[in-house]
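User: I'm new to this one and would like to go through it step by step. Could you show it to me before we talk?
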Number of protein chains: 2
Amino acid sequence: MPRRRAAPTAAIRFDVVDAPEAIAAIARTAAGIGGRVRTLATVRSIAGEPPQVEVELEVEGVDEEALVASIGALEDVRAIHRTRALGSVFGKRIIVVGGGAQVAQVALGAVSEADRHNLRGERISVDTIPLVGEANIADAVRAVADLPRAALLVLAGSIMGGEISAAVDELREIGIPVIALNMAGSITEHVDLVVTDPVQAGTMAVMAVADTATFDLARQRGRRN
Amino acid sequence: MPRRRAAPTAAIRFDVVDAPEAIAAIARTAAGIGGRVRTLATVRSIAGEPPQVEVELEVEGVDEEALVASIGALEDVRAIHRTRALGSVFGKRIIVVGGGAQVAQVALGAVSEADRHNLRGERISVDTIPLVGEANIADAVRAVADLPRAALLVLAGSIMGGEISAAVDELREIGIPVIALNMAGSITEHVDLVVTDPVQAGTMAVMAVADTATFDLARQRGRRN
């Protein structure tokens, strides 16, 4: 799937009154200075009267000064901090889902390999959740499509199939590749690559998304290592 | 810091024309049915004419049917999928930042402990990034404040201080606790808890945020284990 290079993105965090119209006014204000809202995320709630929320806002196509000035002029907004777009800090994300023992070993390989690439100026994160059960894991696979900057999913477990395999098909269709450990179940027929050693699976996952690596997942597709 | 329990949140993902006003119209529409936008995140760009983006939208205080109907009625919106709020899938996040070797060991402890809690119905993720350099790590510490659902930061390394310590002070001030490995530098004077063994640090980090654990970080504050 083609992905455009993101234009420079201004990022701020601020408190705003927690009301439908106050939040909508933020997006309208960003559009008013010609910006495209890339992220508007409530990161914390602040009890009080009126209740407020703390919002992280990333807007593409605007100057940071203009963004601070226009959002700061809104009546319901307080305490603006300048910050950085999350992509510039945490970068591409490898997502690891499955059983705890295997997830930990995949993470070991992926973190070690990400360290090597991040030392050379890349930004690759390794984000994990240990889960059990076909429905829970299938939900998590589908939710990877909703995560900003998710670049690749690794499924780490001993048996997966059924609804998880269906969810993997959907995820690959929108352009997110999937690596699975060699395991029981139909999952190994539905992924881009099957790897037996979890540390190597994590390493290969990072290599597949790194700009500073020459590993091309497309050339490995369907293989079992 | 007080945190309110989130009300039920409807979540959808859809394609929308990538223009300032088209994105602002989404927030306005959600407000029009009485919803508070909790997340509006661009997850992918779709090349084409006109260019589109795929957006994940979470709105509190509305019914899913009403959200689908109102957003689906917008001229610039296509291909609506029903999805789930990310918090219900990935839950609270432990963030681990630092040197690759130590980050991997903290992740091992944290993933193993999260597995035990998630088996009992919680949702705890372990999200990591290996980074080097005072400025890079300080930026990442500050950016934890911008991450949705970040519950606790673990700093894993051999020497940290200076700007990183200042960033930790800021992060704790907004209510996010910090655990550090026992290491050289001033960082150990600025965190909630210092732990020597990285696997134990990861385990304790998860225990500190888990609902199904009895570990209270406040009672350990300032200790060195």
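Analyst: What follows is a short talk about the sheets and the contact between the chains.

User: Before that, what should I keep in mind about the model and the numbering?
Analyst: This is a predicted model, in which local features need pLDDT of at least 70 and side-chain atom pairs count only at pLDDT 80 or more, while totals for chains, interfaces and linings use all residues. Residues are numbered from 1 along each chain as its sequence is written, chains are lettered from A and ligands numbered from 1 in the order in which they are written, and side-chain values use heavy atoms, with hydrogens and water left out.

User: OK, what is the strand order in the open sheet of eight strands?
Analyst: The order is 4(A)-1(A)-3(A)-2(A)-2(B)-3(B)-1(B)-4(B), with antiparallel pairing. Strands here are DSSP runs (E, at least two residues), numbered from the N terminus, and two of them pair if DSSP finds at least two bridges between them.

User: And which strands stand at the edges?
Analyst: Strand 4 (77-83) of chain A and strand 4 (77-82) of chain B do, and each has a single partner strand, so one side of each is left without a neighbour in the sheet.

User: Where do the two chains join in there, and how many bridges are involved?
Analyst: Strand 2 (residues 36-46) of chain A and strand 2 of chain B run antiparallel and are joined by three bridges; A:T39, for instance, has B:A41 as its bridge partner.

User: Changing topic, how much area do chain B and chain A bury between them?
Analyst: They bury about 6,000 Å², 59% of it on carbon and sulfur atoms, where buried area is the accessible area (1.4 Å probe) that two parts lose on being put together, summed over both. The contact (heavy atoms within 4.5 Å) takes 68 residues from chain B and 68 residues from chain A.

User: How many salt bridges are there between chain B and chain A?
Analyst: The count is eight, a salt bridge being a side-chain nitrogen of Lys or Arg within 4 Å of a carboxyl oxygen of Asp or Glu. One of these links the side chains of A:R84 and B:D139 at 2.4 Å, N to O.

User: Last one, what about the open sheet of ten strands?
Analyst: That sheet has mixed pairing and the order 9(A)-8(A)-7(A)-5(A)-6(A)-6(B)-5(B)-7(B)-8(B)-9(B). Within chain A, strand 7 (residues 150-156) and strand 8 (residues 178-181) run parallel and are joined by three bridges, and A:L155 stands opposite A:A180 in strand 8 of chain A.

Notes. Helix = DSSP H or I, 4+ residues; strand = E, 2+ residues; numbered from the N terminus.
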